[in-house]
Amino acid sequence: MPDDSFHVFDTTLRDGAQREGVNLTVADKLAIAGLLDEFGVGFIEGGWPGANPKDTEFFQRASQELDLEHAQLTAFGATRRPGVRAADDPQVAALRESGAPVVTLVAKSDVRHVERALRTTGGENLAMIADTVAHLKECGRRVFLDCEHFFDGYRYDPGYALDVVRAAGAAGADAVVLCDTNGGMLPSGVGRTVAEVLEATGVRLGVHAQDDTGCAVANTLAAVEAGATHVQCTANGYGERVGNADLFSVAAALELKYDRRVLPEGRLAEAARVSAAVAELVNIAPATHQPYVGVSAFAHKAGLHASAIKVDPDLYQHTDPALVGNGMRMLVSDMAGRASVELKAEELGVDLGGDRALLGRVVDRVKEMERAGYSFEAADASLELLLREERGDRPRYFTAESWRAITERRADGSSLSEATVKLHVKGERVIATAEGNGPVNALDRALRSAVEGVYTALGGIQLADYKVRILDGGGGTGAVTRILVTFGDGRGEWTTVGVGENVIDASWTALEQAITYGLMRQGYPAP
């Protein structure tokens, strides 16, 4: 029997799915549930069975397709309607029939909502709560009660809000969750309220915090400090409006800052992986600056930081990134000093041998190029090639004699680009022409055509992303442009950068570096 002293409750599949732009299929929900179980949460709220066909199907399939190791599946729904017995309410029946061993009921705890939204009396609302909780408990279900708008209701009429908590507790609710539904609370108010409610009722309390003030994680931790032992969160903070308390930040803070074991042994180290995997499934780019799990969470750019980190990484990091499955990254930019470059070179596997003159040349060159518009923070492959060039071992698989790209606009409204490249490959002059749906695509095809006859592994290298950034908006169509291209070979991806007033010229620079780096990854020796 798992430890029941603290509940990590995830509601990504229900509350998180209410984020604008998120539309999960049943297959998506099943896959996310599997990931959340791997992370070690105790409860996964799958949705509202009976409210829509998708959630009903999810619970039907979950019983057959999910083999949860750590989590219990939870169904969400409302208390019975006014004037109807819980046993006779079709919505309560859908919760029973979902097969979920745990049910989370939502109930009004602000008397204004009871009277204006439910259009019933405060007494009937208490009866609805008690009747539904007791009925589901009799049916063998574990029951949590979400007190909607609790903090606002407690501020307006604390006596009634406390009556709601007591009614649920007396009926057998396993935890009563105080919800900051509008997300307007601050940590001091949350902590004070939770402490007062706990003292007044003695009921096990939980917290559900929305992030409208940017305080959802802080509010959740404040509630725990005040005595709450049940936290409701969503992966990556997804949720309605600006979102919910982020599951990974809350779990990491509780384990690493409060020294409180809330996940199974070793599961916290899966945080970065699970965060990224969930982001892929919901089709939202991972937040690079997300605490603990973002790729920039332990990235260091300032030269002063790098100098200290070289002595002791803990001097500029609040925790060991490996504990959450992340890693430290050094960023090389115009802020870089010798320490930044040296640490980044080590990260890339390029041994500079402690050569201070070499380090100085690299630093000066990076700063000069960044002044011209280059950015190496997101282009590790370009930086590695630069390091190898200064060290004297950058491979030159081909050299360009010339290239050109033209685009023809036809009378029927279609257009076609054609590119010609003239290269020297292993001492031979090669000319190749190719067509594409744009000049960059045509150049890419022509370059490949010229090179892959000698370097056959090039066929397994594919373009994954192409980004254009205008650096000088005041220059109009003649502005300086930065190009980032990302390629992959099935084993990983790499990014290169090119800059110029001519967007095609900048693209060629990035393409030439990307192909060179890809061939180097394939193990081809320098000619």
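Predicted model: local features only at pLDDT ≥ 70, side-chain atom pairs only at ≥ 80, totals over all residues.
Two packed helices are described by the angle between their axes and the distance between the axes. For helix α1 (residues 26-39) and helix α2 (residues 53-65), the angle is about 50 degrees and the axes lie 10 Å apart. The crossing of α1 past α2 is right-handed. On the α1 side the contact is made by Val26, Ala27, Lys29 and Leu30, and these residues meet Lys54, Asp55, Glu57, Phe58, Arg61, Ala62 and Glu65 of α2. Sorted by class, the contact of α1 with α2 comprises 5 nonpolar and 6 charged residues, with no polar residue among them.

The residues of the contact of α15 with α17 divide into 4 nonpolar, 3 polar and 2 charged. Helix α17 also holds Glu512, a charged residue that counts as buried because its relative accessibility, 15%, is under the cut-off of 20%. When residues up to four places away in sequence are not counted, Glu512 touches Arg394, Phe398 and Leu447.

Aromatic side chains form 12 pairs in the structure. In one of these, the rings of Phe58 and Phe59 have centres 5.3 Å apart and planes at 80 degrees, so the pair is edge-to-face. Phe58 and Phe59 are both buried, and Phe58 is also one of the α2 residues that meet α1. Another edge-to-face pair is formed by Tyr455 and Tyr524, with 5.0 Å from centre to centre and 80 degrees between the planes. This pair links distant parts of the chain, as Tyr455 lies in the loop between α16 (439-451) and β14 (462-470), whereas Tyr524 lies in the segment after α17 (503-521), 69 residues apart from Tyr455. The two tyrosines are assigned to separate burial classes: Tyr455 counts as buried because its relative accessibility is 2%, while Tyr524, with a relative accessible area of 22%, is partly exposed. Ring pairs additionally link Phe9, Phe43 and Phe144 into a cluster.

Helix α9 (residues 216-225) is largely enclosed by the rest of the structure, because 7 of its 10 residues are buried. The buried residues of α9 are Ala216, Asn219, Thr220, Leu221, Ala222, Ala223 and Val224. They pack against β6 (175-180), α8 (187-201), β7 (205-209), β8 (230-233) and α10. Just after α9, Gly227 takes a positive phi of about 125 degrees.

Positive phi values also occur in residues other than glycine, as at Asp259, where phi is near 55 degrees. Asp259 is found in the loop between α10 (247-257) and α11 (271-282), and its relative accessible area of 70% means that Asp259 is exposed. Lys426 likewise has a positive phi, near 50 degrees, and is placed in the loop between β12 (415-425) and β13 (428-436). With a relative accessible area of 55%, Lys426 is therefore classed as exposed.

Strand β11 (residues 399-409) contains Ala400, which is partly exposed, with a relative accessible area of 42%. Leaving aside neighbours within four places in sequence, Ala400 is in contact with Lys422, Leu423 and Trp508. The C-alpha atoms of Ala400 and Arg429 are 9.6 Å apart in space, although the two residues are separated by 29 residues in sequence.

Conventions: Residues numbered from 1 in each chain as written. Heavy atoms only, no water. Axes fitted to C-alpha atoms, helices over the stretch in contact; angles between N-to-C directions. Helix = DSSP H or I, 4+ residues; strand = E, 2+ residues; numbered from the N terminus. Left-handed = near helix turned anticlockwise from the far one by under 90°. Contact = heavy atoms within 4.5 Å. Phe/Tyr/Trp six-rings, centres within 6.5 Å; stacked < 30°, edge-to-face > 60°. Buried < 20%, exposed > 50% of the residue type's maximum accessible area, 1.4 Å probe, protein only.
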